[in-house]
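Dear colleague,

I am handing over the structure we spoke about, and below it you will find what was found in it. Please keep it open beside you while you read.

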Amino acid sequence: MAISTGTGDHASGTHISTDSSVTIRVARFTPRQGRSGRSASNPFASSSSPSPFGSRPGRPRGKRWTQEYRIQTAHEQTILDCLLQIKREQDPTLNFRYSCGHGMCGSDAVLINTTPTLLCTATVGDFAKVPAEETGDGGDQDRGFRRTGRTGADQSRPEGPKPKRTGWLGVIDIKPLPGFTPLRDLIVDTDTMFDQIRRFHPYLREDAEPDPDMENLQTPAQLSKFELLSNCIACGVCEGSCPVYAGGEAFAGPAALIAASRFINDSRDGHSQERLDDINQEDGILACESVRACSRQCPRGIDVGEEMWQLVEAVNR
Ligand code: SF4
Ligand code: FES
């Protein structure tokens with residue numbers, strides 16, 4: 001039976017019939033009163049070599065807990081729709097950030113299960129998982145072990161597979177984006193990332209005063225060198241995926257380096273060498289360990305890891 005819960009697709013306003021349910025587990029955080037969420041200093045950098053990129057995320061004090069919500073939903077519903085539904089129907093105190101709802105503003109990056117991604121593009125069908133203990137398969141098969149007997153709580157129920165909950169799609173875990181200081185629930189402090197982007201002067205700098213009567217023409221080949229990079233929405237998903245950045249090491253981060261690369265590759269910019277010198281630092285491109293995890297989830301299709309590699313080659317040249 002299709003149950004109408006009043007759940008609408010936030011983008012189109014259309015009604016989606018919600019005949020399934022899902023459990024959403026949210027990592028919640030309320031900061032301690034009177035404390036700024038932002039750490040005052042980098043707990044990871046040595047005091048003798050302060051980072052030119054500012055502070056790294058600390059662990060602000062406050063109350064942390066995991067809250068579970070069960071909602072009626074559908075496979076195609078976005079996780080953002082689910083959180084809006086929870087806020088509207090069950091818990092107005094839940095905090096998360098979003099703006100456009102279309103993968104364009106980059107404000108709603110979080111960690112869903114183990115994947116950094118955007119709330120507004122991730123769907124229930126992609127992320128809901130029935131835990132192994134609910135399917136009756138046992139978790140051991142997933143790890144390559146064969147089950148030889150029933151133990152513990154297993155023994156208190158009859159033999160055979162555990163009955164499945166009808167229409168239940170499973171569990172989705174949502175946490176704040178790694179590598180960023182949590183401010184409240186799923187909202188993180190993105191100031192450090194934007195400070196790092198600003199440090200690399202994310203705007204055209206020409207050598208001479210532009211002649212208002214002259215067009216600054218580019219060939220299609222020149223445009224193609226930076227066109228994709230200019231689609232970056234500074235969502236921070238690549239930073240949350242990067243083990244160096246999210247691990248708390250002092251690193252400008254891939255989003256800032258993508259912003260620098262966009263102008264290094266622009267034939268109209270007159271400061272490419274200066275930009276390369278700016279990123280050729282221990283906290284800059286030299287901190288990149290070419291793990292390439294940053295490429296996996298970029299919502300704008302940028303091969304971030306390949307761009308990092310191109311920057312390494314450029315500074316070496
Ligand atoms: S490169 Fe991709 S993942 Fe990284 S900030 Fe830009 S849009 Fe987001
Ligand atoms: S809300 Fe704008 S990108 Fe998701």
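Predicted model: local features only at pLDDT ≥ 70, side-chain atom pairs only at ≥ 80, totals over all residues.

Phenylalanine 180 sits in the loop between β5 (168–176) and β6 (181–184), while tyrosine 245 belongs to helix α7 (residues 243–246), so the pair ties together parts that are 65 residues apart in sequence. By the rule used, the count of aromatic pairs comes to two.

Next comes the nonpolar core. The largest one has 63 residues, and those with the most contacts inside it are Ile24, Leu83, Leu119, Ile172, Ile174 and Ile279. Helix α8 (residues 254–264) supplies the largest share of this core, namely seven residues, and the core draws at least three residues from each of domain 1 (1–188) and domain 2 (190–210 + 217–316). If residues up to four places away in sequence are not counted, leucine 83 touches Ile24, Val26, Leu94, Phe96, Leu119, Ile174 and Leu186.

Finally, there is the ligand. Which residues surround ligand 1? They are Cys232, Ile233, Ala234, Cys235, Gly236, Val237, Cys238, Ala255, Cys298, Pro299, Arg300 and Val304. The residues of this shell around ligand 1 divide into 10 nonpolar, one polar and one charged.

With best wishes

Technical notes. Residues numbered from 1 in each chain as written. Chains lettered and ligands numbered in written order. Heavy atoms only, no water. Near = heavy atom within 4 Å. Nonpolar A, V, L, I, M, F, W, Y, C, P; charged D, E, K, R; others polar. Core = buried A, V, L, I, M, F, W, Y, C linked by side-chain atoms within 4.5 Å. Buried < 20%, exposed > 50% of the residue type's maximum accessible area, 1.4 Å probe, protein only. Helix = DSSP H or I, 4+ residues; strand = E, 2+ residues; numbered from the N terminus. Domains from an automatic or database assignment. Contact = heavy atoms within 4.5 Å. Phe/Tyr/Trp six-rings, centres within 6.5 Å; stacked < 30°, edge-to-face > 60°.
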